Amino acid sequence: MLRALAALLVLVASLASTRAASAEPVRLWHAYRGAEARALEEIVRTSGIEVELLAVPADAFATKLAAAIPHGEGPDLFIDAHERLGDYLRQGLVAELQVERVGYAPSALRAVEIEGRQLAVPLSQKCVALYVNRALARRVPTDLEDLEAVLVRPLASGEVLLAYESRSAYYHAPFLAAFGGRLLWPDERFGFVGQGAERSLVLARELQRSGKVPGNADGALVTQLFRSGRAAFAVSGPWLAGDLGDAAVQYAVAPLPRVRVTGGRMRPLLTVEAVMASPRGASRPEARALAALLASREAAATRMRIAHVVSARTDVELPDDPVVRGFAEAAREADPMPTSAAMRAVWEPSEKAIRKVLNGSAEPRAALEEAKRRFDDVRRPPPPEASRRPLLVLIGLALLAGALTLVRRSRDASFRAEVVASLPAYRYLIHAVLALGLLVFAPLVAGAAISLTAGRPGETVYVGTANFIDILTARGGPLLATGSFYLVLAVTVAWTVLNVGLHVTIGATLGVLLSRPVLRMRAAYRVLLIVPWAVPSYVTALAWRGMFHRQFGAVTALTTKLRALGVDLEPIDWFARFATAFAANVTTNVWLGFPFMMVVTIAALTSLPREVLEAAEVDGATRWQRFTRIVVPIVRPSMIPSVALGAVWTFNMFNVVFLVSGGEPDGQTDILVSEAYRWAFTRQAQYGYAAAYSVLIFALLFGVTRLGARFGRRAAT
Amino acid sequence: MSDPAREPPSLAESLAVHAVLLAATAFALYPVLWVVSLAFSRQQTPEPRLLPLPEQPTLEHLVEVVGASRTSSDGREVWLFGRQIVNSLVVSSSAALVGVLIAVPAAYALARFEFVGKRSGTNALLATQMFPAVAGAIPLYVLLEVLGLLDSRTGLVLCYATTSVPFAIFQLRAAFEAIPLELEEAAMVDGATRFEAFLRVVLPAARPAIAVTSLFAFMSAYNEFILAATLLGKEELFTLPVVLQRYIGEHDANWPAFAAGALVVSTPVMAIFYWVQRHLVAGLTAGAVKG
């Protein structure tokens, strides 16, 4: 045992990387991939500065910055979209970056300026534009209403007029702009409300109802439609061009059209990608030199040549590339995305409203007014700072009580004897206690403590139990309104019961079948049946979502086939109603989870002593009797922990809900933990509020298991 | 597995069993067919289909993912994907090994000993699984910084190992409890100490449970993404989930490459499971009780 441990320590130590000591290279983080990553590598390689490049997944970028920079780790420079600057500034992740500012587009410079301070150096500008399929459209239309008029021929079935992500507020913003609206006004008022906004939604709904725009389109579907030549037009950004490289479709890129009824142009939101400096980076001359170099004319030319992106500079010659020229023209018509942190609170309520209108469950006015209420609710100021005294008194009392108990017990001779008798057991436990205490409990306690604070990172204050009171009183609204703690709890309970019931039923049945002593192809079945567990769920959840698509999904294909056989079935819009969206989530999660229970069952069955079975057979027990009276009682104890933990995990399984229904319709399929995640990541980083959700979830689960254990013991005695 | 004591299953029963298993296999594999089709198609035409066959079949996405490489500062070509798959396998198996090594004795103590704090300790263990740490990566980052284990696979191994310990303890405790006490007592009568009996008698008898627990620990480490992305600062150290997540951009995603990568990532898991499941046969403990 000791030798094994020593060998392990050596192994672990040999894994530790050696850190570079000498002259530190400039650390540059980015989230680019494909051609843009190649362009950046090329620029860095020829810079003559020693640079350590790190490509971070976009999903983890902000978390990684927030973890690393405050501790003096992390990058000197990083490349990100300008709209994050407000957040980064408040968290102290960026410092002013002084670089000469000649030759840039004024809009790009304005985008990286907050309160008169230049916080970053703009590199490139991105916005959406109109993709025109040359095989289907004669020319570039100037008005949205002309899209059909410029078609070469009437569209066939399976073809669409205009593909865009209609459910996304980012893609709806140009429609809103054509009606004179904005998502957020400069004074941080919610803009997606009022007559213009309503008319923009009516237009979007009309486009979808008439079948000109595909319903429920995500980015993957838009790409597939345009790439396969089945869409006459698409609204998308330069990223779509990157996916069209080797496709047969011939296309042009132009600024978005005008809407004839108002004469207004569909102005997209402009994102300026900029190089930003951490406080450490801003103080290093090499880092500043690299920032200047990344933003230089030469670098801009390289980026255009390799990655076809529009530079934020005006003094570089545009290449003879119609796509780059099209996007450069579109960028001139675009509105820079607001830098304000309030923008982070705009997306969720706006998208809920858009989706409700598009699936016909609400009228534009009601949906938008609700969106405004939700925005204002999320934006409402944090509760006032509370006195820390009650907490300190409570901690003091708890410590005192603990100490007293300890003293009292240590005087008790029988307790001392018990402790001495426990010493052998402690020898088996000590390392687990240490490891778990340090790496599991300490972070949990730290996480739970955050629940007593409120406010966004960088300006948190201690508020006592205010977060808990807010959650439990449904933020002052009706207790059973959509999104209230109690309603979401009911959904979560239904979600857990259904999932665990199906996991155990399917998993145990298959486990029993796969443990039969005589079974051909047993290994093959076993390996194939764990495939849902083995393939990363991110992509399989997407596959499930695709299968439920109303227009193009496999489920629709099945209903079509059945209809041909005379079964009366209509294609369903799965994510428009609670019951069907919930069913889609549960189906996906059952698929993902049954292999776990199957493996647990197979493992539990290995402990079945064969003699017992044989003895039962001799006694003339039937198969079913043998199963229920012998197999089940022996196997049950080793399955209970897995089932209990499976239930806990399912209760907190947010990613299936996120990836399949996304909470649709209107957040009704969200479960408690996805609410927590939304407060942390899409509603202005209110970590305190999210942590309060976590603590409540914990309290609920712990209370239920304690009760369950008590009843279990009572039943046993 | 021919066993004279048992009557061979009738043909009808065999057929029924295979029918159920085939249906389950179809249910398990059908969505994966869509992933396969995504990974090996040059183009996807959106139309309702029942059988997703690859369109214009191609290996380019697979080559793109697997062939990912980088020129290092000294001009050498580094096969990144190769290093990263090794990272993933090394990190996950070390995490499984460390986690199970921590869990085995603890689970044994919970199964066989009475001691002060047993019930509250079990509750605390269960409690760790109930708290959803929404921003859990940041406290761990601070902790590993203090320990000087940032940017190293060791730190990641420790995090993964400890997170898998609670489940491993529960799983193994149940397995140890299922092993007849007489086995150890017999060994101790023969002069073995309790610890020797644990090592020589209990551990071998619990082999299937240990194998399955290791698999679970391996899997949870092997698919983890956010901790790995937050704690590791060098591309050579990245594990596969981080690499795959790189194909998901802010505005768009390279789904075909992601799908191809996902299939590559899942093959070692299936190979490992194939090896593990051979040890999962009912009635293994049979001979031991008699001996």
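The model is predicted. Its scores are ipTM 0.90 and pTM 0.89. In the interface, 119 residues of chain A are in contact with 119 residues of chain B.

**Confidence**

- Chain A has an average pLDDT of 88, and 95% of its residues score at least 70.
- Residues 15-22 of chain A fall below 50 in pLDDT. Beyond near neighbours in sequence, that stretch has eight contacts in the model.
- Chain B has an average pLDDT of 86, with 92% of the residues at 70 or above.
- Within chain B, confidence is highest in helix α3 (residues 80-112), at 93. Confidence is lowest in helix α13 (residues 286-290), at a mean of 40.
- The pLDDT is also below 50 over residues 286-291 of chain B, a stretch with seven contacts beyond near neighbours in sequence.
- Residues 1-5 of chain B stay under 50 as well. The model gives them four contacts beyond four places in sequence.
- Where pLDDT is low, predicted coordinates should not be read in detail.

**The side of chain A that touches chain B**

- Among the elements of chain A, helix α17 (residues 413-449) gives the most to this side, with 20 residues.
- By residue type, this side has 82 nonpolar, 24 polar and 13 charged residues.

- Helix α26 (residues 623-651) of chain A meets α6(B) with axes that come within 8 Å and cross at roughly 165°.
- The two helices are therefore roughly antiparallel.
- The crossing is right-handed.
- From α26(A), the contact uses A:Pro637, A:Ser638, A:Pro641, A:Ser642 and A:Leu645.
- Their partners in α6(B) include B:Phe167, B:Phe170, B:Gln171 and B:Glu177.
- This contact has eight nonpolar residues, three polar and one charged.

**Within chain B: α6(B) and α9(B)**

- Helix α6 (residues 153-178) and helix α9 (residues 207-222) of chain B pack with axes 9 Å apart, at an angle of about 155°.
- α6(B) and α9(B) are therefore roughly antiparallel to each other.
- Their crossing is right-handed.
- On the α6(B) side, the contact residues include B:Tyr160, B:Phe167, B:Gln171 and B:Leu172.
- On the α9(B) side, B:Ile210, B:Thr213 and B:Phe216 are among them.
- The contact is made of 10 nonpolar residues and five polar, with no charged residue.
- B:Phe167, B:Gln171 and B:Ala175 of α6(B) meet α9(B), and these residues also meet α26(A).

**Within chain A: α7(A) and α14(A)**

- The axes of helix α7 (residues 195-209) and helix α14 (residues 347-358) of chain A come within 9 Å and cross at roughly 45°.
- That angle makes α7(A) oblique to α14(A).
- This crossing is right-handed.
- A:Leu201, A:Ala204, A:Arg205 and A:Gln208 of α7(A) meet A:Ile354, A:Val357 and A:Leu358 of α14(A).
- The contact divides into five nonpolar residues, one polar and one charged.

How values were computed
Residues are numbered from 1 along each chain as its sequence is written. Chains are lettered from A and ligands numbered from 1 in the order in which they are written. This is a predicted model: local features need pLDDT of at least 70, side-chain atom pairs count only at pLDDT 80 or more; totals for chains, interfaces and linings use all residues. Two residues are in contact if their C-beta atoms, placed from the backbone, lie within 7 Å. Helices (H or I, at least four residues) and strands (E, at least two) are DSSP runs, numbered from the N terminus. Ala, Val, Leu, Ile, Met, Phe, Trp, Tyr, Cys and Pro count as nonpolar, Asp, Glu, Lys and Arg as charged, and the others, Gly among them, as polar. Axes are lines fitted to C-alpha atoms, for helices over the stretch in contact, and angles run from 0 to 180 degrees between N-to-C directions. Angles under 35 degrees count as roughly parallel, over 145 as roughly antiparallel, 65 to 115 as roughly perpendicular and the rest as oblique. A crossing is left-handed if the near helix is turned anticlockwise from the far one by less than a right angle, and right-handed if clockwise. pLDDT is the predictor's confidence in each residue, from 0 to 100.
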